[in-house]
Amino acid sequence: MWVVDIEKMLDHEADQSAPPAEEWRSHYIFRVPPHFKMVHGSAFKPQAVTLGPFHHDRDSNAIMEGHKRRAVRHLLWRAGKTLRDLAAGVEDVANELEDAYAGLDSEWLGQNRGRFLEMMIADGCFLLEVMRNYAIEMNKEDSNDYTPSDPVFSPHAVVHIAAFLQRDMLMMENQLPLRLLQRIVAVEGRPSVSERTHTDTHIMDEASINKEVLRFLGINHEEAAASQLGLHPLDIYRRGLLGSVHGSRAHPISPNKNGDDELDAPRSAQKLWEAGIRFQRSRTDLLDDVGFDEGKRRLEMPRVLLDDSTEHKFRNMMAFEALHAGGTTGNDVTAFVLFLKDMVDSVDDVARLRKAGVLRHDLASSDGAAVELLQGLTRDVAKTRESRLCAVRDEVELYCRASWQVFAFKSWAKLRKTYFTNLWGTVALTVSIFLLITDVMQTAYAVMSYELTKHRHG
């Protein structure tokens, strides 16, 4: 009987009007699975403000609700619009907004759609107002229309809350669709802060939305801003760290044409340096701007800053890449983190990359903290070869295998490490070489004397 029940259930699911595959393709905001949170769950938890439905009912959210409503009032008053106007505009894209969230609870759907739209409007207006007032303060403009004592939107307050909001905006479960922001501004009928000089423009286009979010998050990437509208702040931030949106470096997926998967374990930075490979900062600091010049024995890498915000930024971008299956996201950030982890096995590797100018860290403790951070980021992360960075590492490893120069550099590095790390070792080696040369000269002199004597008496 259980077989019959299962067959009925399968037939029922097959007859649904929206096949699961179509629903999955429309999702781009996800709940982070438990196995992602097992070690560092705090990296996925918003601290200052909740955006969207997944954390809306948290107790801490009640503190911000009043501020969100004040943002709605100010935005509507400034635009000369009514809440009814704004609700009608956002409702036009309500289906798209709902579909963005995977696993949206029933409390937001059907007859509860009004509650969902209310939340979207409040959160969207809040985010826009914070970003705008922060830009006004950074540009030293005198056009903030909030009272100077406002605890969130005043020039003084917005600078202090910005860092916390920037952090929360990059949480996978705390995303707002950028389509929502675009719709609010379209109804509002005014340009963004960055476009205010263009008074003939009344609708913020996709590039302007991207640009405003990127600027608030501290990213200046014109190509990413000019691309199609980002899915949400985390998506456009990720694009802003990559050059793949415009093809910064063309490269095959793998140079290993023979399918040889038995390459040695990747060498760390110190071992590569001992093999004669030198590190150089790339032309840009885009994460995928990495290349190997075999003729010059030079590995070019972007400069990377590791600080207290690195973990939550990279973890959330990596989670987005893992969860956005079938999308156009790719796995470029994950590939770079794995690439960097291969380079760093010890504090010696960190020191070597710091000296080359391709790694900086502002961590509380020593270089060991950087090693621990990278090891933690890559723990239980699936490794794939669908990345051009894998091809770069393969090129480096194949070079280290085949080049006669590597033997010479490694021999010199070993000699220097053994004898030139302290004064007495250097002195001992110098004396030994001097004595060896003296012995050789004495032996040569004795042989020459013997041959000369033999020749005279012969």
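Reader: What percentage of the residues in the chain is buried?

Author: This is a predicted model: local features need pLDDT of at least 70, side-chain atom pairs count only at pLDDT 80 or more, and totals for chains, interfaces and linings use all residues. Residues are numbered from 1 along each chain as its sequence is written, and side-chain values use heavy atoms, with hydrogens and water left out. Buried means under 20% relative accessible area, exposed over 50%, partly exposed in between (1.4 Å probe, protein chains only). Of the 458 residues in the chain, the buried share is 46%.

Reader: How many helices and strands does the chain have?

Author: Both are DSSP runs, numbered from the N terminus: helices are H or I with at least four residues, strands are E with at least two. The chain has 20 helices and five strands.

Reader: Against which elements do the buried residues of α14 pack?

Author: α14 is mostly covered, with ten of its 14 residues buried. Phe314, Met317 and Phe320 are among them. They pack against α3 (34–40), α8 (155–169), α12 (233–240), β4 (304–306), α15 (332–343) and α17 (367–377).

Reader: How far apart are the end C-alpha atoms of α14?

Author: The expected span of a helix is 1.5 Å times one less than its number of residues. Helix α14 (residues 310–323) has 14 residues, so it should span 20 Å; its end C-alpha atoms agree, at 20 Å apart.

Reader: Which element gives the most to the lining of the largest cavity?

Author: On a 1 Å grid over the protein atoms alone, a cavity is a set of points where a 1.4 Å probe fits but cannot get out; lining residues have an atom within 4 Å of a point. Lys211, Leu214, Arg215, Ile219, Asn220, His221, Glu222 and Ala225 line the largest cavity. The elements giving two or more residues to this lining are α10 (206–216) and α11 (222–226). With three residues, the most comes from α10.

Terms used. 1 Å grid on protein atoms, 1.4 Å probe; cavity = no way out; pocket = protein on both sides within 12 Å on 5 of 7 lines; lining within 4 Å. Contact = heavy atoms within 4.5 Å.
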